[in-house]
Amino acid sequence: MNPVSRSDVPPVPRIVPREQHSISRKNISKAALRVLYRLNEAGYDAYLVGGAVRDLLLGGHPKDFDVATNATPEQVKGLFRNCRLIGRRFRLAHVVFGPEIIEVATFRGTGEDGDSGGDRHIVDGRIVRDNIWGSIEEDAIRRDFRVNALYYDISDFSVRDYVGGMQDLEDRSMRLIGDPELRYREDPVRMLRAARLAAKLDFTIDPAASAPFATLGHLLTEASPARLFDESLKLFLAGHGLKSFKMLESCGLLKFMFPATARALERGDHALRALVEQGLANTDARIADGKSVTPAFLYAVLLWGEVRDQARGWIMQGIDDSDAWQRAAAHVVGEQCQRVAIPRRFTLTMEEIWALQPRFEHIHRKRVFRLLSHPRFRAAFDFLLLRAHESARMRELGEWWHHAQQLPPEMLAAALGGGGVPVSESTVSASGPARKRRRRRKPSGKGKGDAGGS
């Protein structure tokens, strides 16, 4: 079975000359231009391809630039000393310029001519190795979506379109190349990519491309959990996380990546939905402002509903609070990591954020100062603020801890007194400064039987 059906007649390209498109070399990284020019000067075809061309035509500013060429990986390596060859499934050349890496791929072929110069291995319709070289026409029909099969030719600065990608840009539609069911069986992660790109670009998914989601979505459970982790970062930590989440949910794909999240939301918990959507929106805003974000906080948001409900269930059965939260966290994280391989450094932080939530409700002097000094306090406090939709009490709790952080330690200590206090804004803000207590002097220890001490 060939991965992409094609006719014997190669597609006729639509060539868009320089004066009829909006791509300017000023918006292409210098490293990518150096690779393109070097290949071209050595007599090879060299094209900017894929998402970079798509985004440039839409007026965006790509971060990554990929190059397609008829040079083999070994020939590319011969031209660049700063090149390394990677990949077994897809053999690629990475040309390294400091922190920037330009990925160079040889044109992929369909393998129908028998003279491939490479090898392909397919298991149950899924491509597990694919290093068959071909022509640019074959390479175009091997790509996933039509908007990703546009080529910018460095030799004359034109754009080449072999499959109708320019029309899809005008229609703002995601259309697959070839038979959708066959393409998803080859690589189920393409379903996630359709949702992610539609969310990022504000495109619609063509009905023919979205129809197989209902019957083939389960194939995502067979994808590599490590690969799904990488995909989840692209979905939720690239500045369009809220849109991606809504797109996954509307496409029916969320349950295959985050089953616990889907279950919790299906219970109709409006406060939980508000927490998840606000958490995603806040992450998008931080990325837009150039601030740092951590996957741990976002995963803690996505899985909170299931952890909370399980912990409450065990507490009602008489299990100690701390043990109940620990057990719930371990159970939910264990299930989730079977789908998305979240690294341990993130799951540890998630578990700490969850474990600190019930501690916010204990407003006692020692516990308050102990919690304020916890290394995960800030992340846990931000999480507490997201929970304001749960109840009026939770909102007051967030306000109390906000005010508590504004006070000098001695004033906070005075406000708390010697024990617990009710949660309210006035507890902290209206307590006033502490009244100085006279310290009792300890006996000097001098007297009978004491020669003066040490």
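I started at Asp66, which touches Tyr47, Leu48, Val49 and Glu103, leaving out residues up to four places away in sequence; contact here means heavy atoms within 4.5 Å. I keep in mind that this is a predicted model, where local features need pLDDT of at least 70, side-chain atom pairs count only at pLDDT 80 or more, and totals for chains, interfaces and linings use all residues. Residues are numbered from 1 along each chain as its sequence is written, and side-chain values use heavy atoms, with hydrogens and water left out.

**Active-site entry**

I looked up the record next: UniProt, in an unreviewed entry, lists Asp64, Asp66 and Asp144 under "active site". Such annotations may be inferred rather than shown by experiment, and the positions follow the numbering used here, with feature names shortened.

Where do I find Asp66? Asp66 is in strand S3, while Asp64 is in the loop between helix H2 (51-57) and S3. Helices (H or I, at least four residues) and strands (E, at least two) are DSSP runs, numbered from the N terminus.

Buried or exposed? Asp64 is exposed, at 59% relative accessible area, and Asp66 is partly exposed, at 30%. The cut-offs are under 20% for buried, over 50% for exposed and partly exposed in between, using a 1.4 Å probe and protein chains only.

**The sheet**

I traced eight strands in an open sheet with mixed pairing, in the order S1-S10-S9-S2-S3-S6-S5-S4. Two strands count as paired if DSSP finds at least two bridges between them. S1 (14-16) and S4 (83-86) are at the edges with a single partner strand each, so one side of each has no neighbour in the sheet.

I then checked S9 (residues 150-153) and S10 (residues 158-161), which pair antiparallel over four bridges. Tyr152 has Val159 in S10 as its bridge partner.

Helix H1 (residues 30-41) packs on this sheet, touching S2 (46-49), S3 (66-69), S5 (92-97) and S6 (100-106).

**The core**

Which residues touch the most other members of the largest nonpolar core? In this core of 104 residues, they are Leu39 and Trp354. A nonpolar core is a set of buried Ala, Val, Leu, Ile, Met, Phe, Trp, Tyr and Cys residues joined through side-chain atoms within 4.5 Å. Helix H15 (residues 295-316) gives the largest share, twelve residues.

Domain 1 (14-171) and domain 2 (258-415) both contribute residues, so this core lies between them; the bounds come from an automatic or database domain assignment.

Beyond its neighbours within four places in sequence, Trp354 has contacts including Tyr299, Trp304, Trp325 and Phe383.

Methods
Axes are lines fitted to C-alpha atoms, for helices over the stretch in contact, and angles run from 0 to 180 degrees between N-to-C directions.
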